[in-house]
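Open the model in your viewer and keep the selection tool ready. We will go from stop to stop.

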Amino acid sequence: MPTSTVAANLEIDRYRKAGRSAERFVHVDDPARLDGLSSTPDVGEIYLARDTLRHIDAALARLPQRTREVFLASRLEGMRRAELAERFGISLKTVERDITTAMESLERALHAQRGECPPAASANGKPRRKNLARLLSLLGGLLALPAAWQGWRHFVPVWRGEWTTAGARFHGQALPDGSTVLLDSASAIEIAYYATRRIATLRRGAAFFQVAHDLERPFTVHALDARIIVLGTRFGVDVEAGLVRVDVESGRVRVQAADGSERELGAGESLLVREAGGFIGHAADAPSAPWREGWLNFDDVPLGQAAQRLSRYTATPVRVDAKAAGLRVYGRVSIADSQAWLRQLPRILPVLLMDDAEGGLHIVGRT
């Protein structure tokens, strides 16, 4: 029998007898606690830790971003299902499905490491869950090893922040590395810093980033299913109507769409990324996030989309019926005078304006 297999089997037997937690990873709140562990693990421990982490890293990397984040927040941060649903804006059923998907992926990876096939699940899935619990118990022990801990630094955030803005409100935030983010009205963002990377997830709305240069920790923005990767630059990202708009003021960014296609943008350039993949147009000398200066540019935009955007800055809702939503609008609109611009629409488009009982504005198509 190969030496590596013997070492792995010995470790599995040892951790099984230790009776470690069967349902979650060991969570180390303070890395300094690792100092109390043995500083001279034997060869079998070192081999098993490193080899297991390689398989786990690969399995986690293959997961969809949200599935991976939900699973890590559950196992490493100890978040409850309801907390996960609130953080990620998904249902409890989706949380359960993401965690199950991730656990099954890890099970396959850990069995592949040992040259085994995962056991078939019974009708209720209990034998498979029991086997996976044992494997996760083994992994919990591995995470207590200093060498293994270093591998997991890539997945454990050292700092995290979340911010949301209400309508007609902006928020500027300084970040720990000297970067800054300006959040548009009615927007939400989550930012996490790891030892090897910096991740911002724009949940809704728009944000403008000024990113401090750090070659060792690239800065990536996730918006819908697009990724914007930078090193040091100033750029804006806007999520609206199933599209992501990227505007670069200085520096360069690489934009990745869900279908695997990529584009690079330099200063003054912008583009739109369609959800589920693909780019729409490319502009040079485009204004970067003009909302920072109190303006919005509508260039052949559907009225429904324009009204939705203006709703971010008004105290009352603006609604557009289906007949009028597809009408195209053009122009540069002052955010402060958005209500006046809306009131002028009947002069240039076949629409009527109606005030509803709640004080909002309803735009309907004219017959």
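Select arginine 292 and phenylalanine 208. In this predicted model, the charged end of arginine 292 sits over the phenylalanine 208 ring, 3.6 Å from its centre. Next, pick arginine 197 and tyrosine 194. Here the charged end of arginine 197 sits over the tyrosine ring, 4.1 Å from the centre.

Now zoom out. The protein chain has 11 helices and 18 strands. Of its 367 residues, 45% count as buried. Its accessible surface comes to about 18,200 Å², with 52% belonging to carbon and sulfur atoms.

Turn to the aromatic rings. The count comes to seven aromatic pairs. Select phenylalanine 170 and tyrosine 313: this pair is stacked, 6.2 Å centre to centre, with 25° between the planes. Phenylalanine 170 lies in the loop between strands S1 and S2, and tyrosine 313 in the loop between helix H8 and strand S15, so the pair ties together parts 143 residues apart in sequence. Buried or partly exposed: which is tyrosine 313? At 9% relative accessibility, tyrosine 313 counts as buried. Phenylalanine 170, at 43%, counts as partly exposed.

Move to phenylalanine 209 and phenylalanine 235. Their ring centres are 5.1 Å apart and their planes at 20°, so this pair is stacked. Phenylalanine 209 is in strand S5 and phenylalanine 235 in strand S8, 26 residues apart. Both are buried. Then select Trp159, Trp163 and Tyr193, which ring pairs link into a cluster.

Last stop: threonine 101, in helix H5 (residues 92-113). At 35% relative accessibility, threonine 101 counts as partly exposed. Beyond residues up to four places away in sequence, threonine 101 touches Leu63 and Thr67. The C-alpha atoms of threonine 101 and leucine 63 are separated by 8.5 Å.

Definitions and conventions:
Residues are numbered from 1 along each chain as its sequence is written. This is a predicted model: local features need pLDDT of at least 70, side-chain atom pairs count only at pLDDT 80 or more; totals for chains, interfaces and linings use all residues. Side-chain values use heavy atoms; hydrogens and water are left out. Helices (H or I, at least four residues) and strands (E, at least two) are DSSP runs, numbered from the N terminus. Buried means under 20% relative accessible area, exposed over 50%, partly exposed in between (1.4 Å probe, protein chains only). Contact means heavy atoms within 4.5 Å. Accessible areas come from the Shrake-Rupley method with a 1.4 Å probe; for residues, only the protein chains shown count as cover. Rings of Phe, Tyr and Trp (its six-membered ring) pair if their centres lie within 6.5 Å; planes under 30 degrees apart count as stacked, over 60 as edge-to-face and the rest as tilted. A charge sits over a ring if NZ of Lys or CZ of Arg is within 6 Å of the ring centre and within 35 degrees of the ring normal.
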